[in-house]
Amino acid sequence: MFCVSVPASTSNLGCGFDTFGLALKLHNDFFVERWKSFSVQIEGEGDHLPKDENNLFIRAYVNACRFFGSYPEPIRVVQKNHVPTARGLGSSATAIIGGVTAYEVLFGRKISHEDKLKIALSLEPHPDNLTPALVGGFVISLWDGERIIYTKIDFPDDIKVVVAVPEFELSTREARKVIKREVSLSDAVNNIQRASLMVAGLCKGRYDLLREAVKDRLHQPYRASLIPGFYHIIERAYENGALAVFLSGAGPSIASFSVNNFDAVGKAMVEAFKEEGVKAMYLVLDVDKEGTKIHESSYP
Ligand code: HSE
């Protein structure tokens, strides 16, 4: 038996819709071995997820087998999940990257990151959570339907990500339906300018640029209607010292970059959710710079 440990991620980071992703030190651990039939056991978050062959980890493993022309030998997986599901923290990406990586281990085959991501993208067609889940750190990715291109930039050690996680789930599919399919030139320019500012701000340690850099016009204005108190929650985080505040992935979690006052920022966001009648919790997370890890394990 072995364990594949895959980090959560926050994506978009305001202006980098479908492009920016950041791996976080919060993991789902998948314990895997060959078995007589497919078997899934889930502990922790997401115990309502499918436990048959519709399970995302199993589907990703089977897709990897098909991609390489291998017979999908049945496996047993025990998922110890710490990443809340359908909250914009890349829980699906952990299962997909985990399943593809399990193939690599079980069949003793070294697979390039590009091939792993291509298989993964057949299940989730945006690379912004998948890539950081695999390689860790802050990643800029693009997928044109054929090629995956990505690059990792150094992320400052002193920035932590404070995430307010509401109790309700929001599927990425639903959260994409509310976005406009066509955008104005001024909105496109807004995001090009600010996405560039985000990368420069992080690379140069210019934290003063980050608050402007997260001002998105492509998805957050539309998704705000799905998150009670969205702008008020953001304002409360800034009042308590956050550097930059944005919707985490497709939501409904709201994430902030902070270098201090972590608990004050988290508590303020949770309190603001509560004022809207929404129960929430907060997490203070470091960035995971390493990505997916495999280790031998006798558990469980
Ligand atoms: N970028 C996606 C979205 C989320 O905002 O819909 C995860 O891939």
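**Entry 1: α2 and α4**

I began with helix α2 (residues 91-106) and α4, which pack at an angle of about 55° with their axes 9 Å apart. I take helices (H or I, at least four residues) and strands (E, at least two) as DSSP runs, numbered from the N terminus. Axes here are lines fitted to C-alpha atoms, for helices over the stretch in contact, and angles run from 0 to 180 degrees between N-to-C directions. The angle makes α2 oblique to α4; under 35 degrees counts as roughly parallel, over 145 as roughly antiparallel, 65 to 115 as roughly perpendicular, and the rest as oblique. I noted the crossing of α2 and α4 as right-handed. A crossing is right-handed if the near helix is turned clockwise from the far one by less than a right angle, and left-handed if anticlockwise.

I then listed the contact residues: A93, I96 and I97 on α2, and N129, L130, A133 and L134 on α4. Contact means heavy atoms within 4.5 Å. Ala, Val, Leu, Ile, Met, Phe, Trp, Tyr, Cys and Pro count as nonpolar, Asp, Glu, Lys and Arg as charged, and the others, Gly among them, as polar.

**Entry 2: basis of the values**

The model is predicted: local features need pLDDT of at least 70 and side-chain atom pairs count only at pLDDT 80 or more, while totals for chains, interfaces and linings use all residues. Residues are numbered from 1 along each chain as its sequence is written, and side-chain values use heavy atoms, with hydrogens and water left out.

**Entry 3: α3 and α4**

I looked up the pair α3 (residues 113-121) and α4 (residues 127-135) next: their axes come within 10 Å and cross at roughly 140°. That makes α3 oblique to α4. The crossing of α3 and α4 is right-handed. From α3, the contact takes in H113, K116, L117, A120 and L121; from α4, P127, L130, T131, L134 and V135. I sorted the residues of this contact of α3 with α4 into seven nonpolar, two polar and one charged.

**Entry 4: the four-stranded sheet**

I traced an open sheet of four strands, ordered β8-β9-β7-β10, with antiparallel pairing. Two strands pair if DSSP finds at least two bridges between them.

V162 stands opposite S256 in β9. Helix α9 (residues 230-239) lies across β8 and β9 and runs at about 155° to β8.

**Entry 5: backbone details**

I noted a cis peptide bond from G251 to P252, with omega near 10°. P252 is in the loop between β8 and β9.

D18 has phi near 60°, positive in a residue other than glycine; D18 is in the loop between β1 (2-11) and β2 (20-34). A86, also not glycine, has a positive phi near 50° and is found in the loop between β4 (75-81) and α2.

**Entry 6: domains**

The domain assignment gives domain 1 as 2-153 + 288-296 and domain 2 as 160-285. Such bounds come from an automatic or database domain assignment. I read 24 Å between the centres of domain 1 and domain 2, taken over C-alpha atoms. At their contact, 24 residues of domain 1 meet 37 residues of domain 2.
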